[in-house]
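The sequence and structure are shown first.

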Amino acid sequence: MCDSVAVLYKFYAKSKCAELEELGRFTYYLLWVNSIALIILKWFNNSSLRCEQDYALGQLCVIINESTKKIIGFSEPTRKKCFWNEVMGAYTIKHPNELKDFNNLGDSLRSFANLPEQKTLKELREITTHGDKKIEELLRLRSLPTKDIIRFLGLWGDCMLPAANFAFRCFEKECIYQSPEIF
C-alpha cells in the first residue's frame, strides 16, 4: 500500500490539488508508521542480546508516542489541531458518507491516546531519547514484561492500522474522483 500511495502521490496528487497532496502525505505517513512499528517489533523478537531488545523497545516507544501525538494528540488543546481532524476531517466534509468511519476511528485513536499506559509510554520515550539521567531509569526498560509491550502495541495497532486503511481507501477514492480518466 505504501508503494501505491507513493506512485499515486508522485504522478498525480502532487500536481493536482493541495488537499489531495495532503491526504496522500498523511496516508503514506500512517502506512509508514505501521510498517516501522512492525519492523521494530520483529527486531525486538529476534534480538539475541538484551541491549538490542532495550534499544528496540525504546524505538518502539518513540514511534508509538510521536506518531500518536502527531496523528491525534494527547491532550484536548492539541487534538483540535491534530492531523486526523485536519486532513481526514477535510476529506469527510466533502464526502459525508465517510463520516461514520471517520468518527469511529477518531474515537478509537482518542481512546488509545487516553489510556493510563500513556504515562509510562511517555516516560519510556523520555528515557530512550534522553537516557543520560540515571541508570535506574534506563534499567526500567528491562523491567517491562514482553507481554505488556506486545499488548500495548496490539492496542496501538488496533486503532492505527484501521486508520491507515481508511486513509488509503479515501486517498484512492479521491484520486479516482479527481481524475477518472487515469483509472
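E22 and R25 sit three residues apart in helix α2, about one turn of the helix. Helices here are DSSP runs of H or I with at least four residues, numbered from the N terminus. The two residues form a salt bridge whose closest N and O atoms are 2.4 Å apart; the term denotes a side-chain nitrogen of Lys or Arg within 4 Å of a carboxyl oxygen of Asp or Glu. E22 is partly exposed at 25% relative accessibility, and R25 is partly exposed at 40%. Buried means under 20% relative accessible area, exposed over 50%, and partly exposed in between, with a 1.4 Å probe and protein chains only.

## Basis of the values

The model is predicted: local features need pLDDT of at least 70, side-chain atom pairs count only at pLDDT 80 or more, and totals for chains, interfaces and linings use all residues. Residues are numbered from 1 along each chain as its sequence is written, and side-chain values use heavy atoms, with hydrogens and water left out.

## Further salt bridges

The structure holds eight salt bridges. One of them joins E98 and K173, with the closest N and O atoms 2.7 Å apart. This pair links distant parts of the chain, since E98 lies in the loop between α5 and α6 and K173 in helix α9, 75 residues away. E98 is buried at 4% relative accessibility, whereas K173 is partly exposed at 39%.

Within helix α6, R110 and D107 are three residues apart, about one helical turn, and their side chains meet in a salt bridge of 2.7 Å, N to O. Relative accessibility is 23% for R110, which counts as partly exposed, and 43% for D107, also partly exposed. Salt bridges with shared partners join E98, D101, R169 and K173 into one network.

## Nonpolar core

The largest nonpolar core has 46 residues, and I64, I71, W84, M88, L109 and W156 have the most contacts inside it. Such a core is a set of buried Ala, Val, Leu, Ile, Met, Phe, Trp, Tyr and Cys residues joined through side-chain atoms within 4.5 Å. Helix α9 provides the largest share of this core, 14 residues.

L109 is in contact (heavy atoms within 4.5 Å) with I71, I72, W84, C159, M160 and A163, leaving aside neighbours within four places in sequence. In α6, L109 is buried, as are F102, L105, G106, F112 and A113.

Conventions: Helices (H or I, at least four residues) and strands (E, at least two) are DSSP runs, numbered from the N terminus.
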